[in-house]
Every structure is written in structure tokens, then in C-alpha cells.
Amino acid sequence: MPERRGVEPDYLLEVRGLRTHFFTDEGVVRAVDGVSFGIEAGKTLCVVGESGCGKSVMARSVLNVIEPPGRVVAGRVLLRAEPGQEVDLAALPPNGKRMRSIRGRLATMIFQEPMTALSPLYTIGNQIIEGIRLHQRVSAREAREIAIRALANVGVPGPERRIDSYSFELSGGMRQRAMIAMALVCGPRLLIADEPTTAVDVTTQANLLDLLKELQRESGMAMLFITHDLGVVAEIADDVAVMYLGTIVERGTAQEVFADAKHPYTRALLRSMPDLRARRRARLATIRGTVPHPLRRPPGCPFHDRCDLAMPGVCDAEEPPTVDMGGGHEVACHLYAEGASPDWQVLEAGSPAGDPRDVAGPPTRPAAPAGPAGAGEPLLEVIDLKTHFPITKGFFNRVVGRVKAVDGVTLTVYKGETLAVVGESGSGKTTLAHSIMRLHDPTSGTVAFHTRSGEVVELSGLPRDRLAPYYKEIRMVFQDPNSSLDPRMPVIDIVGECLVINRLAKGPELEARVRSLLEQVGLDPEFVRRYPHAFSGGQRQRIGIARALAPNPTLIVADEAVSALDVSVQAQILNLLSDLQEELGLTYVFISHDLGVVAHVSDRVAVMYAGRVVELAGTAALFDSPRHPYTEALLSAVLRPDPSARGDASRIRLTGEVADPADPPPGCPFHPRCRYSRPDCATRVPELREVAPGRQVACHYAEELELTGMQIGDSGPAAASPQTSPTAAEA
């Protein structure tokens, strides 16, 4: 362990030489291979790295919740959560009484996928109350009150009602909030958070991070925080550990790692992030290849086969030593073993992806996207679309109310453009996408699609048995490739199913077409007989894209297509989507809560709140000068990959609850949370109106308010981008 300030820190959690192996029929998988670190009380260690690097297994190993055939085979996990006591968690029986008393009370974990971590058989309240009564001596009524407060603290709207909901009745963001409430309800000393903000929007993310930091200040709680969002790392981390293939390759303070990253892998991760100053659709820098399977671990440095600075005969033959760079900053790299000075110009100027197009363009102010008049012909017209869901009660399922998930949306998508749809969880983005695709039947309104033949078809009014021909031209890429790909079907059936149903190909012609599609999305055509479990998350998302491309569509609806991917794979997928749009003339409806990604890929942005569009404008115009207070708050919540911007006093924190679509407030739905609200905002519903050419806003006072944007350009937040950091520029 490194020394700091001349003394050994008093760690609340100290991990020494942790090794977790999985004993499979194919061999021993060294998922965690000699990891050491420490976390002080009140401090946060963020662990970053690509999928497959062992981050989640390492986190689970701390609490010894490893599924067979895995187990902790070596190392110590020392927890000092109570005065004068030190417990080696690795030495305790995983299911013993002592370990169970520690989990949930002294140390707890937020799991990455709440849908699988929460039981579908019990309500959210049942599961939270179970933990409360296990560790606290309270009555059932007191436990319920504590659970309601816990849900309210993490921003769950209507907690008195939501506590009796089942996990499948909540959105992905709501499930994640419920999981966080369950983890924090007993006030643990150590919180292990595995991607806790992946499924939540920027405002909820900001509020959750504020909540976690406040709990740290009050209780001295230590956090082991796993994330692929480097903006979150910059905002919350005291220390950063970068993992690759089961080992820590770099560790240091957040300021050191962001300002002066030493390992080629760390620098490549930082460069993969979308740069808000780069021109729109400029190619993102990527890392060539993928993380190898631990059974096929390369000899020597595990990163050498993806590193442009690898030294033949050294990096491919010997494991790198860990070099102390001073001040607790450590790096495992041969480049520093003999005091060498790496030539970073090779890494910064070249393309790690092995494709000359995969070099990010020079940071320039993005050209203003074409307005509607110059965007081409309409492809999809949505007019006053409403999708309401009945709320039933009692034995006879009497309708007692309606959830107005989409409540009067009007917008036009033009040929060849990318229209992004943004907003908080529960704003109606996914329901809008599903209504366009007729996965949900709209309650009223029109969805008119302009087919390739020139026919205008009203999809919203067609019987379901007549929709099939149009599903060849409108396709969807789903958020979660794990659940949207049938695990029992090989790739050839998954991708080719649409071709078979529509009689577009069969037999040898089908296989040839599927192979061509796999090659088009950057996958080996020889993978046609493999099943989804054999692929990484990024590869599964590429399969989903290939499936969407199969019938040669004109419009693709992408619902959070990159939200669950790490930054390097995200860059690859965004480059791929941009290439396909250019080559095939595709049009995208791109749903995302990541505004950095939206700024990079979109021509126009529609902002949704409580089932309605509250602002619609060109991307640069909207980011530079928002006209709706809600848009301003969303932009303010975007986290920069710059630790020096932490705790920005100008950042807007939305108070109150997200508007409940089952019981929206009167007047403007946003007025209870709006800092510019005036008395008539509570009585008059604002209509979406044009306030400038190509710009629509639903706010009574849009022309009067002076709102702050992100100023996408040289003076904006991207000035701190890792791609143009002082260190990189001076190298």
C-alpha cells in the first residue's frame, strides 16, 4: 500500500493481495488477480475500466458474495467499521451468522442491474423493510415509515404509494433509486456501489451523488464506487483505481489521474469520451480490439496487444512492475521501470482503433445543425400523440385513474437527421419510442410515416396484423442487449429472423446476408453460429444493430443504445452509428440521458417532461442558450471530466419530486420545481410554440428569461477535456 503524507493512512477498508478465481471446465479464470487498495473513512475510491476487467467481481469479493464456481482464493479484506475491531471478511464463512450481520448493517452493496437484484415476487417496501427489521429493533409500522423516508431521500415520487409497487411496475431509473434506498436505509459504514447511476438521468444522478456525499460528511461512510462515467469519477472520487484484466494498472488521487495520467490504458479511456468542443459527428478515439477473455490472457503486460507504445520483447514477455510515481500515484507499466519518458504523441496522434477514421477530429466549434427548413423532407410526423395507461383497483379491476405517459407530443423527424429525445426517468421518452413503434397502442393522436415508395401511412391507426410490412422500414435498437437478444437463438437466427418472416432471404442467401451484416457492424462473420452469452456487452449491442439493419430500414429508433456501455465501447458504437448513417442514409430517433453523447450525435434535440415536449431546437442552439428552465437544469447537471469543477456553485439542483404522470400538477407541470415560477404558472398550461425559426418552447416566459447554457465551444466546459488537457498538449 502506498504511503501518504508520510504516515500510513487509517483505512476503514483495506484489501491486500485479493485473488478471486472461477474454476470452470475450460480452466481457471483469474477474474481478480492480486488487487490491493485501501479506503479511509469518509473517502471515495472510484474503480474504472472496461467491461470484463474484473471490477464487479472485485467488488463482490469484498463482501464474499461470489457465485459458484468462483471463490476468493487468496488475500485479506480488512474491515474496521467498529471502534477497536478489525474483521477479515475474506476469512469468514460467506453464509455464516457473522458475515450476514455485517452485510446490510456495516457494509452493503448497490448492484448494477436492479431488475435482477430485486425480487419480482415482493413489493419494493417488503424488501426494504426486511433489511430494516433484520438489523434494527423497530415495529413493522416504524420500519414502513423508515422505508418511505428512504425512498423519498433518493427522489422516488409518491413514496407512500411506490412502496407498495413491484419492481416490474417501475422504470429502470426508479428501480435503481429503490435499490439505493435499500442499501442506505441502515446507515452502513462502507458502501460498495456497482454502477449505481448508469440507469438514471443527469438530474437524478446529481441529486444521488449529493446525497451520497452528504451521508459521507454526516457518518464518515467510505465508498467503493464502480462506474464507467468519467464525469461521475471527476465529481465524487478522492482516489481512482484503473483496472485491466483483473489487476490495477494505475492508482492515484483524482486530480493526479485526470491531469497527468501515466498508463497508456488510462489515457486511452480519457480520450474515448465525447468532446463537447469537437465538431458534431467527429470520430471518437477508440481503443483497438477488446478486453480478452481471462482464459486467453496475453503473456507479459495484459494490455500490450492493444497498446501503441508496447515494446517488443519486453511488454509481451514480462509482467510490468508497479512503479511509485510519488505522492501515492502508482502505475504498472514497463515504460516507467527504467525511468523512461513515454512518447505520448504516438498515442495522441495515432488511432488506437486501427481504423484511420477513428481519430477524433480537431476540437472545433460544431456547425449549427440545419433547421427544419433545410433538414430535408419529413420522414415521420407525430401529431398530438397521447398514450395513457389505465390504473385499476379492486377485484373487478375498476379503472380509477390514468397514467399519462405521453400526453400530447407533436414533432417531425426529417430524412437523414438525428433527433435526440432527452429528459428525466419517467418523462415519457421510452413510451414515446414504443408508441411510434406500436409496441404500445396510442390512446389518440397520429403517427404518420413516409415510406420509401412515397406513401404516407398512419401507423397509429393500422391494425396490428397490417404493421409487418412497415417494420421493414422502421426498426428499433433496445437499451439492454442482454434482455433483447434471445439466449436460446444463435446469431444467424437473431439477425435473420426479420428476413425470414418477410421472405427476404432463406437458406444460403440468408447466411450470406447475416454474415455481411455482421461484417458491416464490425463483427467477425464467423460468429454466426454463436449464442449471445459468448459476446461482450458491446458486441451484443452490435448484434442488436445488425438485427435492426437487416431489412434495410430508413428509420432507426435507438432507446438508450449506449447508456450501459463503457466509454471505449460507447465510442466504437457511436462511430459505427455515424458511419451507417452516412453510408446508408439512415435517420435516427436517439433516446438518451447522456447529454454529452447527445451533443456529439444529434442534429436537433427534443426535451421531454411529464409526457410532453417542453423544448425543441437545434443541438448547438439548445446547448448554448436554452429557453426552458427545465432544459437549463438538465444542462447544468452535466458532469465534466474535470475534478477542479467539482462542487460548481452555479450548478442548479432541482428540488421536489418529478411530476407524477398519474397525477400531474395543475398548470405548467414543471412549475413546482421551477425557480422562475410565477403565480399564473400554477393555473395556465403552456403550449408548445415557436419562439424563433426552428425553435419551439412550452414556457409562458421563454422570451423574458435569461438562462445559462453550456456554451459548446472553446470557452465552454469542454476546455477541461482530456483530449486537450495541458499535459497532452505539452507532450
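In which strand is the place of Val28? Val28 lies in strand β2, residues 27-40, where a strand is a DSSP run of E with at least two residues and a helix is a DSSP run of H or I with at least four, each numbered from the N terminus.

## Basis of the model

This is a predicted model, in which local features need pLDDT of at least 70 and side-chain atom pairs count only at pLDDT 80 or more, while totals for chains, interfaces and linings use all residues. Residues are numbered from 1 along each chain as its sequence is written, and side-chain values use heavy atoms, with hydrogens and water left out.

## Overall composition

The protein contains 22 helices and 24 strands. Of its 731 residues, 57% are buried; buried means under 20% relative accessible area, exposed means over 50%, and partly exposed lies in between (1.4 Å probe, protein chains only).

The accessible surface comes to about 30100 Å², and carbon and sulfur atoms account for 51% of that area. Such areas are computed by the Shrake-Rupley method with a 1.4 Å probe, and for residues only the protein chains shown count as cover.

## The nonpolar cores

In soluble globular proteins, nonpolar side chains tend to be buried together. A nonpolar core is a set of buried Ala, Val, Leu, Ile, Met, Phe, Trp, Tyr and Cys residues joined through side-chain atoms within 4.5 Å. The largest one here has 72 residues, among which Phe225 and Tyr265 touch the most other members. Helix α7 (residues 172-184) gives this core its largest share, seven residues. A second, separate core has 42 residues, including Ala505, Leu517, Phe527 and Ile573.

## Tyr265 and helix α11

Tyr265 is one of the buried residues of helix α11. This helix spans residues 264-271, and eight of its eight residues are buried. Beyond its neighbours within four places in sequence, Tyr265 has contacts (heavy atoms within 4.5 Å) with residues including Gly49, Cys53, Tyr244, Ile287 and Phe303.

## Ala183 in helix α7

Ala183 belongs to helix α7 and counts as buried because its relative accessibility is 3%. Ala183 and Met109 are 74 residues apart along the chain, yet their C-alpha atoms are separated by 6.2 Å. Met109 is also among the residues in contact with Ala183, together with Thr108, Ile110, Pro188 and Leu191.

Val28 counts as partly exposed because its relative accessibility is 40%. Together with Phe23 and Val73, Val28 makes a nonpolar surface patch of about 210 Å². Patches consist of residues with over 30% relative accessible area and no salt bridge, with like charges joined within 9 Å and nonpolar side chains (Val, Leu, Ile, Met, Phe, Trp, Tyr) within 5 Å; a salt bridge is a side-chain nitrogen of Lys or Arg within 4 Å of a carboxyl oxygen of Asp or Glu.
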